Structures are given as structure tokens and as C-alpha cells.
Amino acid sequence: MRLSAIAATALLSVSVSLTSSAATRTWSQTGNGSSGPWTNGALWSPSGVPQPVDDIKVTSSGSYSCSTGGNFTIHSLTAGGSSGGKTVEVSASTALAMTTKGTMNSNSTLSVRGVVSGGRLDINSGATLRLRTGSMVTGDESINLTGGFLLNEGSELRNRDVVLADTGGMDQK
């Protein structure tokens with residue numbers, strides 16, 4: 001009985017320490033025209049590769065891109081800003097799962113070559129969702145498109161609800 005109590009206490013301590021490590025990670029490789037993979041922890045502030053409990057921000061000034069380069073699960077994604085172009089690319093043969101939501105704001109593009117899944121996805125005015133050949137966006141929450149939408153042949157958009165509201169342009173390439 002005493003061993004069970006010790007094991008339960010140890011498990012609770014580990015659980016608390018794991019949940020307390022959530023961070024807001026901001027992409028820091030922001031020189032104009034720069035790019036890099038999410039797998040390089042030195043390109044994030046604070047330093048470290050994104051974790052499932054992290055809120056990811058691609059919002060710093062400048063025009064740049066970042067690519068997943070591997071499979072990632074994150075808590076949320078926010079991209080965009082008042083100037084410059086920010087591109088978040090989900091690399092081919094990789095997956096990005098968001099447990100709550102993704103928000104693409106003005107001056108941002110979510111370019112999908114792999115799979116994006118999970119929570120709600122908002123593509124707001126001035127932002128673009130680009131689905132490349134062989135890509136898929138899927139999940140149980142809604143996708144709200146008030147920004148641009150580019151759909152390549154052979155890509156899929158599969159969600160419970162897809163809301164299109166004056167997108168300003170929807171192209172199939």
C-alpha cells in the first residue's frame with residue numbers, strides 16, 4: 001500500500017513538471033529572405049524545438065519562411081504581422097498537429113505539402129492557405145477562410161465545417 005502511495009506521488013510530480021514546461025516559442029530567424037527548419041532549436045526564442053504544449057508564434061518583423069522539416073504536435077500556431085511576408089511550410093511527407101487552433105493573420109501564408117490536422121484553423125483577411133499537390137488539411141474543428149485560398153490538384157480539405165467568407169480569391173492550380 002505504501003509503495004502505491006509513493007508511486008502515485010512520483011507520477012503526480014512527473015506529471016506536474018511536464019505540464020509546467022509549456023512555452024510560447026517565437027521564430028527568431030527573421031532576416032529578409034531567411035528560412036530554416038523547425039527542427040533547429042537555435043532558431044526559436046526561447047531556444048528549443050517546439051513541443052506539444054507550446055504556443056508557436058511566427059510574428060516578428062520581416063519577410064521569411066520556416067518549414068516543419070519533421071512531424072510536430074503543438075498547442076497552437078499564430079502567424080502574420082503588420083508588414084513583410086511570413087510563410088509557414090508544412091514539409092512534404094510530414095505532419096503538423098495543432099491541439100487547439102491555428103491562426104494565420106495578415107501577411108502570412110500556410111503552405112501545406114504534408115498534412116495539417118487538429119483544432120480550428122482560421123485563415124484571416126490578408127493571409128493565404130496554400131494546399132500543394134498531395135497535401136491534406138483535416139480535423140474535427142472548423143476551417144474559417146476569409147483570406148486567400150490556393151488549391152493544387154490532388155490536395156484535400158477535409159474538416160467538419162469549412163466556412164468561406166468573401167475570400168478575395170480562390171484559385172485552383
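**Salt bridges.** I searched the whole structure for salt bridges and got 4, taking a salt bridge as a side-chain nitrogen of Lys or Arg within 4 Å of a carboxyl oxygen of Asp or Glu. Before going on, I note that this is a predicted model, where local features need pLDDT of at least 70, side-chain atom pairs count only at pLDDT 80 or more, and totals for chains, interfaces and linings use all residues. Residues are numbered from 1 along each chain as its sequence is written, and side-chain values use heavy atoms, with hydrogens and water left out.

One of the bridges joins the side chains of R25 and D54, at 2.7 Å from N to O. R25 sits in strand 1 (residues 24-27) and D54 in the loop between strand 3 (44-45) and strand 4 (55-58), so this pair ties together parts that are 29 residues apart in sequence. For the strand and helix numbers I use DSSP runs counted from the N terminus, with helices being H or I of at least four residues and strands E of at least two. Buried or exposed, I wondered about R25? R25 is buried, with a relative accessible area of 10%, and D54 counts as buried at 0%. My cut-offs are under 20% relative accessible area for buried, over 50% for exposed, and partly exposed in between, with a 1.4 Å probe and protein chains only.

Next I looked at E89 and R113, whose side chains meet in a salt bridge at 3.0 Å, N to O. This pair links distant parts of the chain: E89 is in strand 7 (residues 86-90) and R113 in the loop between strand 9 (108-112) and strand 10 (115-123), 24 residues apart. E89 is partly exposed at 21%, and R113 is partly exposed at 33%.

R120 is partly exposed at 36%, while D122 is buried at 8%. What else does the D122 side chain meet? The side chain of N144 makes a polar contact with it at 2.8 Å; I count a polar contact as a pair of N or O atoms within 3.5 Å, where within protein one must be able to donate a hydrogen and the other to accept it, and residues adjacent in sequence count only if both atoms are side-chain atoms. N144 belongs to strand 12 (residues 136-145) and is buried at 15%. Apart from neighbours within four places in sequence, N144 is in contact (heavy atoms within 4.5 Å) with R120, L121, D122, I123 and V163.

I found N159 in strand 14 (residues 156-164), buried at 16%. Not counting residues up to four places away in sequence, N159 touches V137, T138, G139, E141, S142 and I143. E153 lies in the loop between strand 13 (148-151) and strand 14 and is exposed at 61%. E153 and R132 are 7.7 Å apart, C-alpha to C-alpha, and 21 residues apart in sequence.

**Core.** Which residues touch the most other members of the largest nonpolar core? Out of its 29 residues, they are W38, V58, L77, V88 and L96. Strand 6 (residues 72-79) gives the most to this core, with 4 residues. I take a nonpolar core as a set of buried Ala, Val, Leu, Ile, Met, Phe, Trp, Tyr and Cys residues joined through side-chain atoms within 4.5 Å. I followed up V88: leaving aside neighbours within four places in sequence, its contacts include W38, V58, C66 and L77.

The S45 to P46 peptide bond is cis, with omega near -5°, and P46 is in the loop between strand 3 and strand 4. S93 is not a glycine, yet has a positive phi of about 60°. S93 is in the loop between strand 7 and strand 8 (95-104) and is exposed at 75%. N107, in the loop between strand 8 and strand 9, has a positive phi too, near 65°. N107 is partly exposed at 26%.
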